Amino acid sequence: MLTALVAGSITTLPAAAAPKEPGNPPATAQHSLRTAVTDENFYFVMADRFQNGNTANDDGGLGPDPSVSGFDPTRKGYYNGGDLQGLLQELDYIQGMGTTSIWLTPSFKNRAVQPEDNSAGYHGYWITDFTQIDPHLGSNEDLRALIDAAHQRGMKVYFDIITNHTADVIAYDAGERAPYVSKDEVPYRDAEGNAFDDRDYAGTDTFPALDPATSFPYVPVVPEADKDLKVPAWLNDTTLYHNRGDTTFAGEDSFYGDFFGLDDLATENPRVVDGMIDIYKTWIADFGVDGFRIDTMKHVNDEFWQAFGPEVLTYAQEQGKDEFFMFGEVFDTTKSFTSQFTTRNRMQSVLDFPFQAAARGYASQGAPASDLETFFAGDDWYTDADSNAYSLPTFLGNHDMGRIGGFIAADNPGAAEDELLARDTLAHELMYFSRGNPVIYYGDEQGFTGPGGDQDARQTLFASQVGEYLDDDLLGTDATHATDNFDTTHPLYQGIATLADITRDHPTLRDGAHQHRYASDGPGIYAFSRVDAEDRREYVVALNNSTEPQTAKIPTYASKRSFGLVYGDAPKRARSAADGTLSVTVPALSTVVYELSGKIPHSGKAPAISLQAPVPAVEDNGRMRVAADVAGSSFYEVTFEARTPGTGWTSIGTDDNAPYSVYHDTSALPAGTAVEYRAVVLDNGRHTRTSAGVGATVPEPRLRMGLPAEGTQVQGDVEVTATADPEDSEYAVTLERSIAGGDWAAIGTDDSSPTYTAVDDLAALDLAEGTQVRYRAVLGTSVSDVRTVTVGSLVDQPGTVAVAGSLDSELGCGTDWDPACDEAQMTFDDASQTWVLEVADLPAGSYEYKAAFDRSWTENYGAGGAFDGANIALTHRGGPVTFVYDHRSKVISTH
């Protein structure tokens, strides 16, 4: 598809004449898109942990027993007493730091306690009733009062919503919770017993009738008392769930598995799609909700979002919500992946997890300034016809991963309080002055820290009784969690309010073009400009993450011109040199902002423009990288267009920051399709010039092997898996084997996506130990990488193996170096005879780790497989990582 739903206005301008030939109209120059939401200041708040406005609802009407009501203010995993009335009472406090939008964690009625988890649903992610507010938090009328009051103040209210799962109500005939069973091992069957692939029906209006007794690998079982528990009533139909067991958060099961038992909805089924759309339309129409943050977006199939996003957005706009805005949680730091949800999947925006990793690296960990240059250059992944990086909500920490104050304290042990506070402020300055919508996680403005994520990052702003919270240090204050923390004189609260004021008074600092200017090779200055394309106004922002003052000559668009100080500790006036550079000295761990006096000089004529040869992106074979070379040195914007044979030219995005490029989504086009591209440049004097057209061909799908792991020893049944990029439910992939360098032979063909699987019975071949066996996948003319393994004897394995190290808290453990932590335990893979732990998103940083057995340090292996050996160092740029331990060599490694 070359077009997508366009949300927001696009300014078009006259284009330069293009060759006048039939079917080749002139290219249309456009300004870089700014949707209705590129200048919000979000305040992300967990209602139970903010303020207790009504003690009468603390137990949710369920009585005094915490095991029933979930209310216990002394325990971090239970309801602590905050509610919507508390939020209403503190709107002055919230608005006082410049907040324009309040984002609430899920507030629907929850299962109060899930015994399997030994905790309560205070967080809102265990929903049983999608039509009412959780009684612990108040009532539907309390929500209406909060939204009305916020609207009267000019603030918006966003709801955190869930489409992926409900509370854990369904059990299985195999037990309350069960291990995941793949679709290849046990396929879905319709009510007549016929096997089918659910992905063949995703995105359609039909789905096979199912029988709960025979259609799933496990028979779903609901206690009699809970048969009508969920609301709306359609949620009580067990055939509308995947029913495949618990996820490991990797591969196929990341889409189909239950999250720690939470009932995983079959979002491929149109009944689920329509049901979820109807639920959230009601909250828009009846309560005036201004937007949604959408939980666990990456664990839901693409077709769901392609239907949900456009329909909900259109409905909201029909209700008069012209600035309605949705953004999803895609917990990943890889832009080529996170951007798929705003481009291919037609959603408006996603939370900017890559920004969080980059900001922590720069402000807290002293990463080279050039890392930020590389980070922002990747924003082109988000650019298409109806969205770009300017609408991304940016953040520094959250309720799952932990707080920025906690990260800074952990990254800088022994640092003085003033340094910790300066680094915290620097992180917020980067967030407010760079592109995107900044998000403040409640409590960060009071210097909250905490030792980790999840429950350890969910302190109350009102006086706490939780022992673990009372031990926390708070940055910038002598206060503790034993008292209320609504201090409007706190330096971080004041600093955030100042940043909000500055960006309100200078809106170009919020939605102007983000132009890279300068980056030190090591720690030091990162500088960028924010430019108003219409008004030709330029601001220069220079940050310094060094502990010493730094000076840099920063390029600008104006030579021999005066610049006035807007923010920071620097001279009130500065003047650019003849070459346009502005010499700026930035104090240690600080930020300076200058504004050009007057406007950027007009460009006399449009520069020359030419296209590079379009190529499939290495990171995403379903997208074509289209890049333009532009001569000249002023402010330019480049609009890219595409067409296929028999179609007209269509805009595929406008880039306002060199190097100019877009990543055109070609995943819906058949392999071999010819695509033609062209680009038009718009200068700051409204002159344009169009490039010549350049052709490309949509590539064959790229196959990647999953199992077996390279270099492992195998015996008996070997599971062989592969994936395709881009994915298509119509594919049938053949898995092949070669023995001792011989010919390739098919071992099976699989058409069940998203993972293609075959099992190779090596025992039947009677191969000698040491024989090399190779595996690959084939689809048409596309051939995967090759995995080589060796036939060998099995060895006795330990009972458990853990990745024990300084990264354990990032994995969700309560502390680092904990061999007993559940989240650090590896899983044994029979096929490869190795232990594996796949981490979906490990924050960027430097870590150390070892392999520890049986949840203790009695037997452990470090560098080189040495018993009780040295710690293994890991420098990680952020994102997924896989740990593999081989008991034959005693070596643990990362991939």
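Predicted model: local features only at pLDDT ≥ 70, side-chain atom pairs only at ≥ 80, totals over all residues.

Residues are numbered from 1 along each chain as its sequence is written, and side-chain values use heavy atoms, with hydrogens and water left out.

A salt bridge is a side-chain nitrogen of Lys or Arg within 4 Å of a carboxyl oxygen of Asp or Glu. By this rule, the model contains 44 salt bridges.

First, select Asp352 and Arg435, which form a salt bridge with their closest N and O atoms 2.9 Å apart. Asp352 is in the loop between β16 (349–350) and α9 (353–363), while Arg435 is in the loop between α12 (417–433) and β18 (437–441), 83 residues apart. Helices (H or I, at least four residues) and strands (E, at least two) are DSSP runs, numbered from the N terminus. Both residues of this pair are buried, a term that means under 20% relative accessible area (1.4 Å probe, protein chains only).

Next, select Asp620 and Arg623, whose side chains form a salt bridge at 3.0 Å, N to O. Asp620 is buried, at 0% relative accessible area, and Arg623 is also buried, at 1%.

Then select Arg776 and Glu736, a salt bridge with 2.7 Å between the closest N and O atoms. Arg776 lies in strand β42 (residues 772–779) and Glu736 in strand β39 (residues 733–739), so the pair ties together parts that are 40 residues apart in sequence. Glu736 is buried, with 14% relative accessible area.

Finally, select Asp160, Arg293, Asp295 and Glu329, which are linked in a network of salt bridges.

Conventions: Buried < 20%, exposed > 50% of the residue type's maximum accessible area, 1.4 Å probe, protein only.
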